[in-house]
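Trainee: I would like to go through this model with you. I want to know what stands behind each label.

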Amino acid sequence: MRKILTVARTEYLNIVRTKAFIISIVLMPIFMGGAIVVQELVKDKIDLKERRFAVIDESGAMFDVLARACRDRPIKKDGKQVRPRFVPQQTDGDIAVRTRQVRDGSLFAYVVIPKDVVETGEVRYHTASPTSMGLPQFLRGVIDGEVKRRRFLAAQIDQALVAKLGRPIRFGTYGLQEVTASGEVAEAERVNQAQTFGIPIVVMILMFMLVMTSAPVMLNNVLEEKMQRIAEILVASVSPFQLFLGKLVGIVFVSWTLSALYLGGAGYLAFHFSVPVPGMIYVWFLLFQLLALFIFGSIFSAIGAACSELRDAQSMMMPAMLVVMIPMFVWMPVLKSPDSTFATIMSLIPPVTPFLMLLRLAIPPGPAVWEIVLSIVLTTGFTLGCVWAAGRIFRIGILSQGQTPSFARLFRWVFE
Amino acid sequence: MHAVSLEGIDKTFQAHKAVDGLSLAVPRGAIYGFIGPNGSGKTTTLRMILHILHPDAGRIEVLGEQGSRAANDRVGYLPEERGLYRKMTVRRVLAYYAALKGMASRAARTAGDAWLERLDLTKWAGHRVETLSKGMQQKVQFISTVMTRPELVILDEPFSGLDPVNLEVLRDVILELRDDGTTVIFSTHDMGKAEELCDSICMIFRGQKVLDGTLDAIKTQYGSDTVRLRVDGGHELLARLPGVSSVHDYGQFQDVRYDGDPQELLQNLVSTTRVTHFEMATPSLHQVFLRIAGPEAADA
């Protein structure tokens with residue numbers, strides 16, 4: 001045990017003392033915080049240039065409405081212009097001229113409103129800047145409103161009454177109401193969408209990110225020790241399994257260090273913005289992170305031990321990376337229906353359990369207790385199997401040189 | 001009681017038998033030369049002594065422990081291929097390797113510093129290994145092997161890459177270790193160094209032991225048929241003489257192996273040419289090595 005901890009401690013310090021690790025710790029919050037600051041700073045930096053557009057109004061009824069709407073459209077906030085001014089020009093239907101005007105910049109766009117627009121509802125907007133959404137959305141709203149008004153008028157129906165009768169219901173999602181001992185029914189809390197969907201997504205992505213950044217480090221470290229012939233020195237002092245286990249423990253602590261920072265930061269933000277986060281989610285996170293790292297750390301270190309060159313390792317990594325990616329392919333249906341058969345089965349399959357069961361645990365009310373217990377039992381069993389098999393591969397692979405690895409050979413090493 | 005005892009060890013890698021029925025006993029407190037040509041099974045045997053590899057058959061006892069790694073903390077190992085963490089400082093590498101042998105961190109620091117001073121590396125203690133020259137890295141590796149004061153030290157080609165000055169320093173250290181009671185297994189291709197340092201020699205060839213004993217005993221065993229000569233006509237003349245099975249030409253003199261009475265050889269020479277030097281010689285370890293593992297033996 002002492003030797004395992006010695007290896008783990010050195011592994012941990014070797015990683016956390018690297019510039020890459022320190023930079024990732026320091027710069028990640030700076031980048032994330034910086035992104036928010038930059039967003040805040042540039043949110044008002046929209047293009048305020050005047051938008052001149054031609055209106056080819058074959059119906060003869062829309063231009064005045066549009067001109068009035070443009071005139072009345074508020075473009076200032078607190079005395080400061082925050083939106084571009086829209087300037088309509090009524091023109092004839094000479095398309096060649098309009099096109100040239102758009103191209104030379106004297107017009108931003110032109111809109112063709114056909115004669116029978118009220119009946120057909122067909123309007124065409126032509127522009128060389130299709131990604132600019134402000135003007136077309138404005139035109140759509142104004143013309144749509146005027147067409148509807150005219151249709152109601154023609155049908156002699158009171159549009160205001162229709163709007164009043166057609167107003168949507170207010171549908172709120174609440175938690176369960178608690179009944180007190182005295183029989184009073186307490187007011188339920190309204191479900192917070194950010195909390196309901198935000199927390200599961202954040203914990204799932206964070207878990208994925210931490211496993212993806214931590215486990216492959218095992219491969220690099222083992223490969224480096226093998227290529228630089230350090231492995232032989234180490235296995236003369238510790239058994240290959242002690243070395244392997246020490247490395248796994250080391251990487252778990254590296255990843256937990258990152259978790260402490262990121263979860264701490266996320267927890268602080270949640271507290272700051274009054275988003276209640278269940279305390280148990282931290283416990284589940286660390287537990288499933290441990291299991292995930294033992295599974296994927298084992299796989300990656302076995303690959304590292306089996307290979308003698310980085311190129312071989314990279315090609316063998318691909319299938320392992322695909323397994324890590326599985327949760328990313330299926331998490332959305334699980335988020336939408338966390339109690340479905342699909343979600344239940346997927347979250348009980350060990351390589352993806354740490355991700356999907358965690359996701360389900362973060363969605364209230366969470367899976368049934370038997371599902372949690374079964375997932376932990378299955379994943380722990382799978383983890384032990386991975387550690388055992390990878391340990392067997394590691395034991396032989398760490399001293400083998402010059403052999404191009406294959407999955408058939410790795411399989412043979414496991415049972416050798 | 002021996003420091004290391006091997007009995008009937010076999011080790012096969014796929015179709016290749018690397019070690020075949022090897023038995024040997026390394027006396028305590030001696031420098032035990034372990035020689036043999038490339039691919040003869042030396043490194044495989046050393047790895048089995050350290051329980052890095054497991055024999056297919058046979059019994060291994062190291063420092064009184066049989067068939068387990070229990071003695072490994074009392075064994076220092078310097079493999080032929082050096083292995084140091086390039087990004088670690090010299091002091092951290094030494095501390096780590098010592099900790100893996102069970103040495104307390106404070107004791108490791110004290111021992112490490114003392115050895116660094118002894119081998120003139122003190123000013124490099126805080127530097128990363130990658131900044132050191134190959135020779136300096138070699139010395140750091142050597143320190144990591146001996147700093148825990150192991151009872152048994154296994155050195156696989158310890159002098160490769162060293163300049164003559166550092167080579168002498170390390171040689172002196174190895175002799176001191178022996179004088180302090182440490183058993184040293186010294187694996188090498190350098191027959192001169194083996195002859196200079198070793199009390200006993202074991203040579204393996206094609207996985208089998210072909211030579212084992214004290215240097216004197218080996219030389220006596222192989223020394224009765226060698227005559228050192230300087231004659232007019234040189235080695236070409238000598239090679240034609242009846243009874244001469246081989247001639248090793250050193251330029252100024254020749255060593256011949258003669259199957260018969262040396263007096264007859266002398267008489268034969270005197271009647272044929274002018275003899276300026278005639279001496280009954282013991283063969284060098286190098287010659288014994290070539291006799292066993294040279295081209296003729298390899299073809300056999």
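Here the two of us go through the labels one by one.

Mentor: Ground rules first. This is a predicted model, where local features need pLDDT of at least 70, side-chain atom pairs count only at pLDDT 80 or more, and totals for chains, interfaces and linings use all residues. Residues are numbered from 1 along each chain as its sequence is written, chains are lettered from A and ligands numbered from 1 in the order in which they are written, and side-chain values use heavy atoms, with hydrogens and water left out.

Trainee: Why is S5(B) called buried?

Mentor: Buried means under 20% relative accessible area, exposed over 50%, partly exposed in between (1.4 Å probe, protein chains only). S5(B) has 14%, so it is buried. S5(B) sits in strand β1 (residues 2-13) of chain B; strands (E, at least two residues) and helices (H or I, at least four) are DSSP runs, numbered from the N terminus.

Trainee: What is S5(B) in contact with, leaving aside its neighbours within four places in sequence?

Mentor: Contact means heavy atoms within 4.5 Å. S5(B) has such contacts with L24(B), A25(B), R59(B), I60(B) and E61(B).

Trainee: What makes R2(A) and D73(B) a salt bridge?

Mentor: The rule asks for a side-chain nitrogen of Lys or Arg within 4 Å of a carboxyl oxygen of Asp or Glu. For R2(A) and D73(B) the N to O distance is 4.0 Å, so the pair is counted. Across the interface of chain A and chain B the rule finds 4 salt bridges.

Trainee: Which helices of chain A supply at least two residues each to the side that touches chain B?

Mentor: α1 (2-16) and α9 (230-235) do. The most comes from α1(A), with 7 residues.

Trainee: How much area do chain A and chain B bury between them?

Mentor: About 2200 Å², with 53% of it on carbon and sulfur atoms. Buried area is the accessible area (1.4 Å probe) that two parts lose on being put together, summed over both. In chain A, E232(A), I233(A) and A236(A) lose the most, together 25% of what that side buries. By contact, 22 residues of chain A meet 23 of chain B.

Trainee: How does the radius of gyration of chain A stand against the globule rule?

Mentor: The rule is 2.2 Å times the number of residues to the power 0.38, and the radius is taken over C-alpha atoms. For 416 residues a compact globule would have a radius near 22 Å, but chain A has 31 Å. The C-alpha trace of chain A spans about 90 × 70 × 45 Å along its principal axes.
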